Amino acid sequence: MSGLASAPVSAPVSVHVSPPVGAPVRGPVRGAVSGAERTERSKSPQDKDSRTQVNDELLQRITSSKSHPPARNYRVDRRSGIPMVITQDSPAWEVKTWLNAKGFSKMTVSCLGILSGAQLFSLSKEELKAVCGDEGGRVYSQVTVQKTQLERFQGTTELEVIMRRRQEEVDAFTY
């Protein structure tokens, strides 16, 4: 014998070592089954058929709604006659008439009908919503459309008016 003592033999130990930070991580082990796959495999054929039917019905509803859109119940009143217009110079009675012609509620007409055109045009969307509630957004949109139409008709934008006033102030100061 050689002088070496024999050491007792033990069973192999399994140790899981995490890869170092920044090291490439290997993909899943071949043949491993994820939780979702395990769930799919355990479902009965009736469950799969039911889910397929639901998917088919959903697909059919989506495609049929695109070819035949649902009827929308929008009420658009086209008033015949001369279109009502307000300007920066409109008095309160014209603003009130314009609001009525646009079909706003009595509350909105009574709240905003006391303003001049310039006052109405100066209100922000948030201010109109605070005064008129849900209808404030629609009032803001109509006022914006009105201002845009006036700018096109008059050929000047609000910015151009401001710039012209500033230029007049500068000219008056330099002379």
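**Exercise: the buried face of helix 3**

Work out which helices are included in what covers the buried residues of helix 3, and find which residues of helix 3 are buried.

*Solution.* The cover of these buried residues includes helix 4 (106-112), helix 5 and helix 7, where a helix is a DSSP run of H or I with at least four residues, numbered from the N terminus. The model is a predicted one, in which local features need pLDDT of at least 70, side-chain atom pairs count only at pLDDT 80 or more, and totals for chains, interfaces and linings use all residues. Residues are numbered from 1 along each chain as its sequence is written, and side-chain values use heavy atoms, with hydrogens and water left out.

The next step is to look inside helix 3, which spans residues 92-101 and has Val95, Trp98 and Leu99 as its buried residues; buried means under 20% relative accessible area, exposed over 50%, and partly exposed in between (1.4 Å probe, protein chains only). Viewed along the axis of helix 3, these buried residues fall within an arc of 100°, so they line one face of the helix, the arc being that of the directions from the helix axis to the C-beta atoms. This pattern can be followed from the geometry: an α-helix has 3.6 residues a turn, so residues three or four places apart point the same way. After helix 3 comes glycine 103, which has a positive phi, near 80°.

**Exercise: the core**

Find how many residues the largest nonpolar core has, and which of them have the most contacts inside it.

*Solution.* The largest nonpolar core has 15 residues, a nonpolar core being a set of buried Ala, Val, Leu, Ile, Met, Phe, Trp, Tyr and Cys residues joined through side-chain atoms within 4.5 Å. Those with the most contacts inside this core are Trp98, Leu99, Leu112, Leu120, Val139 and Val143. At least two residues of the core come from each of helix 3, helix 4, helix 5, helix 6 and helix 7.

Leucine 99 can then be examined by itself: with residues up to four places away in sequence not counted, leucine 99 touches Phe104, Thr108, Val109, Leu112 and Gly113, where contact means heavy atoms within 4.5 Å.

Decide for glutamate 135, glutamine 146 and lysine 125 whether each is buried or partly exposed, and list the contacts of each, leaving aside neighbours within four places in sequence.

*Solution.* Glutamate 135 sits in the loop between helix 6 (125-132) and helix 7, and it counts as buried because its relative accessible area is 17%. Its contacts are Gly103, Phe104, Ser105 and Thr108, and Gly103 is the residue with positive phi that follows helix 3.

Glutamine 146 belongs to helix 7, and with a relative accessible area of 3% it is therefore buried. Glutamine 146 is in contact with Met84, Val85, Ile86, Trp98 and Phe121, and Trp98 is one of the buried residues of helix 3.

Lysine 125 lies in helix 6, and since its relative accessible area is 33%, lysine 125 is partly exposed. It is in contact with Gly137 and Tyr140, while its C-alpha atom is separated by 9.9 Å from that of valine 143, which is 18 residues apart from it along the chain.

**Exercise: the whole chain**

State how many helices the protein has, and what share of its 175 residues is buried.

*Solution.* The protein has eight helices and zero strands (a strand is a DSSP run of E, at least two residues). Buried residues make up 13% of the 175 residues, and among contacts between residues at least 6 apart in sequence, 45% join residues at least 24 apart.
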